[in-house]
Amino acid sequence: MTLSKPISAGQAQAYHKEEFANANENYYTEGERVRGDWQGQLAAHFGLTGEVQEEQFARLSEGQHPLTGEQLVRHQTAREYENGRGEMVRSMEHRAGWDATFSVPKSVSLTALVGSDDRIREVLGKV
């Protein structure tokens, strides 16, 4: 697993828009477009099902309820302040989240491809 530094709401929205608009270079492509589906307990709690809509994603990244727009978390704006060493520091705006990438070890991929192990290919295809 690889975890990014915290990303702002603006960064999250730009990333989402870029990744979902560029189906030709994305391995999540289904047909001519990239699809994302809501999953998990929190999605169920919010009543989110089916395909991720850009407006819902934008609201979540801003700390709002994805359907109603109700503010769920206090929004933090960036500000400048002096730290303990007397340096001027700019804080980060509202943190929308992190980008997490989950990958199997290279040995698993090699076993599936070079070793022609169809069992591993089948499991990897379901992930």
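Q: Where in the chain is M1 found?
A: In this predicted model, M1 is found in the segment before strand 1, which covers residues 2–3.

Q: Why is M1 called exposed?
A: The relative accessible area of M1 is 65%. Exposed means over 50%, so M1, at 65%, counts as exposed.

Q: What share of the chain do buried residues make up?
A: Of the 127 residues, 19% are buried, and buried here means under 20% relative accessible area. The accessible surface of the chain comes to about 9,900 Å², with 51% of that belonging to carbon and sulfur atoms.

Q: How do you know that the side chains of E55 and R59 meet in a salt bridge?
A: The N to O distance is 3.1 Å. The cut-off is 4 Å between a side-chain nitrogen of Lys or Arg and a carboxyl oxygen of Asp or Glu, so the pair of E55 and R59 qualifies. Both residues lie in helix 3 (residues 54–61), four residues apart, which is about one turn of the helix. E55 has a relative accessible area of 53%, over the 50% mark, so E55 is called exposed.

Q: Why is R85 called exposed, and why is E87 called partly exposed?
A: R85 has a relative accessible area of 68%, which is over 50%, so R85 is exposed. E87 has 38%, which falls between 20% and 50%, so E87 is partly exposed.

Q: Which residues form the largest nonpolar core?
A: The five residues are W38, A43, F46, L48 and V52. To belong to such a core, nonpolar residues must be buried and joined through side-chain atoms within 4.5 Å. Not counting residues up to four places away in sequence, F46 also touches L60, H65, P66, L67 and L72.

Q: Why does H65 count as buried?
A: Its relative accessible area is 14%, under the 20% cut-off, so H65 is buried. The place of H65 is in the loop between helix 3 and strand 5 (80–82).

Q: What does H65 touch, leaving aside its neighbours within four places in sequence?
A: H65 is in contact with F46, R59, E70 and L72. Along the chain, H65 and F46 are 19 residues apart, yet their C-alpha atoms are separated by 7.5 Å.

Q: Which backbone nitrogen does the side chain of H65 reach at 3.0 Å?
A: That of L67. The backbone nitrogen of T68 lies 3.3 Å from a polar atom of the H65 side chain. The polar contact limit is 3.5 Å, and both distances are within it.

Q: Why does S61 count as buried?
A: S61 is found in helix 3, and its relative accessibility is 4%, under 20%, so S61 is buried. Its side chain makes a polar contact with the side chain of Q13 at 2.8 Å. Residues touched by S61 include A9, A12, H94 and A96.

Q: How far apart are I120 and V108, in sequence and in space?
A: They are twelve residues apart in sequence and 7.6 Å apart in space, C-alpha to C-alpha. I120 lies in helix 5 (residues 118–126). Beyond its neighbours within four places in sequence, I120 is in contact with V108, T111 and A112.

Conventions:
Residues are numbered from 1 along each chain as its sequence is written. This is a predicted model: local features need pLDDT of at least 70, side-chain atom pairs count only at pLDDT 80 or more; totals for chains, interfaces and linings use all residues. Side-chain values use heavy atoms; hydrogens and water are left out. Helices (H or I, at least four residues) and strands (E, at least two) are DSSP runs, numbered from the N terminus. Buried means under 20% relative accessible area, exposed over 50%, partly exposed in between (1.4 Å probe, protein chains only). Contact means heavy atoms within 4.5 Å. A polar contact is a pair of N or O atoms within 3.5 Å; within protein, one must be able to donate a hydrogen and the other to accept it, and residues adjacent in sequence count only if both atoms are side-chain atoms. Accessible areas come from the Shrake-Rupley method with a 1.4 Å probe; for residues, only the protein chains shown count as cover.
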